[in-house]
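I am opening a notebook on this structure. My entries follow what I looked up, in order.

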Amino acid sequence: MSVSEMAPADEVAGEVRGADSSDVRRVLLVWDAPNLDMGLGAILGGRPTAAYRPRFDALGRWLLSRTAELSGGAGQRVEPEATVFTNIAPGTADVVRPWVEALRNVGYAVFAKPKIDEDSDVDADMLAHIAMRRRGAGLAGIMVASADGQAFREPLEQIAADGVPVAILGFREHASWAVTSDTLEFVDLEDIPGVFREPLPRVSLDSLPDEGAWLQPFRPLSALLTSRPAQGVA
């Protein structure tokens, strides 16, 4: 699907920051919370403790720095926009609310969507918001934090082909499509200063210890009972 074919912005995330100003170009950060949570859980082998939760204030300072770099010499005003897209599972609103409010207090816009079934993900909402920001004055740069190459690779490569700097933020273990891309920059989240308080306990097939290591599942086995049928593992 091309970026131009995506749904109108007023049908999705839309006006997360109010009315657009036609003379402002954006350096847009899109954080795919469901995908990044799964990737971080796979690295840690469970839910992150405080030491391993991403610090969005540090990420915001990095975005401000990148915006300053990308706006140098620009004839139009360039502003950063930090957005987080997430699903809210039934019965979890009270648990998630402090996190959402903390993000908004730091300066992030949050698009939250009920997790009703397997089709309730936020991929289309993220793509539609990117398409909306690309119109008008356009994008001065975009950073997408996700390992979901199926959703983002083609649209972001189209944007990069138009000369817009595009970076994928994530974990190198889970985003080989971005790490090896000739057109997309890849930034490992652990390389951004201050995003994690402690080094992540990362193990990959390329850096196994001599004694071996456990590689934790990306999702519980019980998910097979509720997920859509998919191609089996050979």
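This is a predicted model: local features need pLDDT of at least 70, side-chain atom pairs count only at pLDDT 80 or more; totals for chains, interfaces and linings use all residues.

**Arg133 and its partner.** With a relative accessible area of 2%, Arg133 is buried, because the cut-off is under 20%. Its side chain meets that of Glu81 in a salt bridge, 2.8 Å from N to O. Glu81 is buried too, at a relative accessible area of 0%. Glu81 lies in strand E2 and Arg133 in helix H4, so the pair ties together parts 52 residues apart in sequence.

**Helix H4.** Next I asked how many residues of H4 are buried. I found 10 of its 12 residues buried, so I note H4 as mostly covered. Among them are Asp123, Asp125, His129 and Arg133, along with Met126, Leu127 and Ile130. The buried residues of H4 pack against strands E1, E2, E3 (109–114) and E4, and against helix H5 (149–161). I also checked the length. At 1.5 Å a residue, the 12 residues of H4 (residues 123–134) should span 16 Å. The end C-alpha atoms are 17 Å apart, which agrees. Just after H4, Gly136 takes a positive phi of about 70°.

**Strand E2 again.** Pro80 also sits in strand E2. I note Pro80 as partly exposed, at 29% relative accessibility. Pro80 and Arg25 are 55 residues apart in sequence, yet their C-alpha atoms are 8.6 Å apart in space.

**Whole chain.** I counted six helices and six strands. Along the sequence they follow the pattern β-α-α-β-α-β-α-β-α-β-α-β. Of the 234 residues, 41% count as buried. I then looked at contacts between residues at least 6 apart in sequence; 75% of them join residues at least 24 apart. The accessible surface comes to about 13100 Å², with 52% belonging to carbon and sulfur atoms.

**Cores.** Which residues have the most contacts inside the largest nonpolar core? They are Trp31, Leu59 and Leu169, in a core of 29 residues. The elements giving two or more residues to this core are E1 (24–32), H1 (33–44), H2 (56–71), E2 (77–88), E4 (139–145) and E5 (166–170). H2 gives the largest share, five residues. Beyond its neighbours within four places in sequence, Leu59 is in contact with Leu29, Trp31, Tyr108, Leu169, Ile192 and Val195. I found a second, separate core of 24 residues, including Leu28, Phe111, Ile159 and Leu184.

**Other salt bridges.** My search of the whole structure finds 15 salt bridges. One of them joins Arg97 and Asp94, with the closest N and O atoms 2.6 Å apart. Arg97 and Asp94 are three residues apart in helix H3 (residues 93–106), so about one helical turn separates them. Arg97 is partly exposed at 40% relative accessibility, and Asp94 is exposed at 60%.

Arg202 and Glu173 form a salt bridge, again with the closest N and O atoms 2.6 Å apart. This pair links distant parts of the chain, 29 residues apart: Arg202 is in the segment after E6, and Glu173 is in the loop between E5 and helix H6 (176–179). Arg202 is buried at 16% relative accessible area, while Glu173 is partly exposed at 27%. I traced a network of salt bridges here, linking Arg172, Glu173, Asp188, Glu190 and Arg202.

**Surface patch.** Last, I looked up Val203, in the segment after strand E6 (185–188). Val203 is partly exposed at 31% relative accessibility. With Leu205, Leu208 and Leu215, Val203 makes a nonpolar surface patch of about 360 Å².

Key:
Residues are numbered from 1 along each chain as its sequence is written. Side-chain values use heavy atoms; hydrogens and water are left out. A nonpolar core is a set of buried Ala, Val, Leu, Ile, Met, Phe, Trp, Tyr and Cys residues joined through side-chain atoms within 4.5 Å. Buried means under 20% relative accessible area, exposed over 50%, partly exposed in between (1.4 Å probe, protein chains only). Helices (H or I, at least four residues) and strands (E, at least two) are DSSP runs, numbered from the N terminus. Contact means heavy atoms within 4.5 Å. Accessible areas come from the Shrake-Rupley method with a 1.4 Å probe; for residues, only the protein chains shown count as cover. The expected span of a helix is 1.5 Å times one less than its number of residues. Patches are made of residues with over 30% relative accessible area and no salt bridge: like charges are joined within 9 Å, nonpolar side chains (Val, Leu, Ile, Met, Phe, Trp, Tyr) within 5 Å. A salt bridge is a side-chain nitrogen of Lys or Arg within 4 Å of a carboxyl oxygen of Asp or Glu.
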